[in-house]
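Keep the viewer open and follow along, section by section.

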Amino acid sequence: MIQYQNFIENLARVRDEIAEVCERSGRRVESVMLLPVTKTYSAEVVSYVECAGLGMVGENRVPEAAEKKMQVKGNMKWELIGHLQSNKVGLALKTFDRIQSVDSEGLLLKLNSAVGAEETGRILPILLQVNAGDDPAKYGVSCQELDRLLEIALGLRHIRVEGLMTIPQLSKDLKVAEYAFNRLRIKRDELAEKFQAELPELSMGMSGDFVEAIKAGSTIVRIGSALFGVRKVG
Ligand SMILES: *Cc1c(COP(=O)(O)O)cnc(C)c1O
């Protein structure tokens with residue numbers, strides 16, 4: 001496992017790169033949130049994140065995140081960035097503060113009624129996951145079906161849509177990711193206008209492509225290996 005000191009060095013380097021691309025793109029550095037992705041790493045790494053003063057982590061598997069959350073005391077926010085199966089909705093709602101990977105009407109309705117049944121009055125923040133690169137191997141609603149899904153989501157009482165998320169197709173050619181990022185931003189702008197909805201968040205960019213994502217308008221970069229070292233599995 002990575003040492004705390006190495007993590008702090010990695011964090012400083014990633015933040016420098018974020019600041020640099022923000023400067024070059026004429027964006028304020030506060031407009032980009034760094035979400036450390038701790039999937040496959042131990043719960044101790046989540047404590048590193050907390051010690052460094054970052055208040056949140058991203059995880060892609062519900063049981064793994066739930067397990068780590070039990071081990072980590074404190075006040076972290078947890079974000080789900082991986083596919084959510086409908087039989088895990090209950091545990092996901094206990095574990096996560098925001099769900100970035102909502103990609104179907106069935107899941108939307110199930111989340112809405114489950115949050116309502118909690119009777120806590122909370123409203124669940126979500127992002128809609130879009131397959132902006134039309135990658136057959138990826139989850140996410142297509143750009144064509146997104147309008148309808150958003151319209152449904154905007155009508156639900158216990159859910160607040162904060163924006164869109166995408167994972168581009170795996171490729172050595174950064175143009176592939178760049179295309180998906182720009183397409184997502186254009187689609188967001190179009191939908192915000194069409195539905196008169198605020199959709200402030202664009203969750204896009206990972207260790208290998210966050211510079212391109214920020215240039216394209218990302219507000220949340222999800223970074224794992226650049227902070228915690230190369231992952232063995234997952
Ligand atoms: C794993 C993962 C990341 C982080 O990937 P890195 O390349 O390690 O930065 C970001 N987003 C999602 C959805 C992931 O599953």
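Arginine 188 is buried, with a relative accessible area of 14%. Here buried means under 20% relative accessible area, exposed means over 50%, and partly exposed is in between, using a 1.4 Å probe and protein chains only. Arginine 188 sits in helix α7, and its side chain reaches the backbone oxygen of leucine 199 at 3.0 Å. That pair is a polar contact, defined as N or O atoms within 3.5 Å; within protein, one must be able to donate a hydrogen and the other to accept it, and residues adjacent in sequence count only if both atoms are side-chain atoms. Helices (H or I, at least four residues) and strands (E, at least two) are DSSP runs, numbered from the N terminus.

## About the model

This is a predicted model, in which local features need pLDDT of at least 70 and side-chain atom pairs count only at pLDDT 80 or more, while totals for chains, interfaces and linings use all residues. Residues are numbered from 1 along each chain as its sequence is written, and side-chain values use heavy atoms, with hydrogens and water left out.

## Around the ligand

Which residues surround the ligand? They are Lys39, Ile81, Ile167, Met206, Ser207, Arg222, Ile223, Gly224, Ser225 and Arg231. By type, the shell divides into four nonpolar, three polar and three charged residues. In this scheme Ala, Val, Leu, Ile, Met, Phe, Trp, Tyr, Cys and Pro count as nonpolar, Asp, Glu, Lys and Arg as charged, and the others, Gly among them, as polar.

Now for the ligand's oxygen atoms. An N or O atom in the side chain of serine 207 is 2.5 Å from a ligand oxygen. The backbone also takes part: a polar backbone atom of glycine 224 is 2.8 Å from an oxygen atom of the ligand, and a backbone N or O atom of serine 225 lies 2.8 Å from a ligand oxygen. Taken alone the ligand exposes 390 Å², and the protein buries 89% of that. These accessible areas come from the Shrake-Rupley method with a 1.4 Å probe; for residues, only the protein chains shown count as cover.

## Two helices, each with a buried face

Helix α1 covers residues 4-25, and its 22 residues should span 32 Å at 1.5 Å a residue; the end C-alpha atoms are 31 Å apart, which agrees. The expected span is 1.5 Å times one less than the number of residues. Buried in α1 are Phe7, Asn10, Leu11, Val14, Ile18, Val21 and Cys22. The arc is that of the directions from the helix axis to the C-beta atoms. Asp16, Glu23 and Arg24 are exposed on the other side of α1.

Helix α5 (residues 105-118) has 14 residues, which should span 20 Å at 1.5 Å a residue, in agreement with the 20 Å between its end C-alpha atoms. Its buried residues are Leu107, Leu108, Leu111, Asn112 and Val115. Seen down the axis of α5, they fall within an arc of 130 degrees, so they line one face of the helix.

## Positive phi in two loops

Aspartate 134 is in the loop between β5 (124-129) and α6. Its phi is near 50 degrees, a positive value in a residue other than glycine. Is aspartate 134 buried or partly exposed? At 43% relative accessibility, aspartate 134 counts as partly exposed.

Glutamine 196 belongs to the loop between α7 (174-194) and β7 (201-203). Although glutamine 196 is not a glycine, it has a positive phi of about 45 degrees. Glutamine 196 counts as exposed, at 63% relative accessibility.

## A few more positions

Strand β4 (residues 98-102) holds glutamine 100, which is buried with a relative accessible area of 0%. Glycine 53 is found in the loop between α2 (43-51) and β2 (56-59), and is exposed at 62%. Glycine 53 and methionine 76 are 23 residues apart in sequence and 9.9 Å apart in space, C-alpha to C-alpha.

Key
Near = heavy atom within 4 Å.
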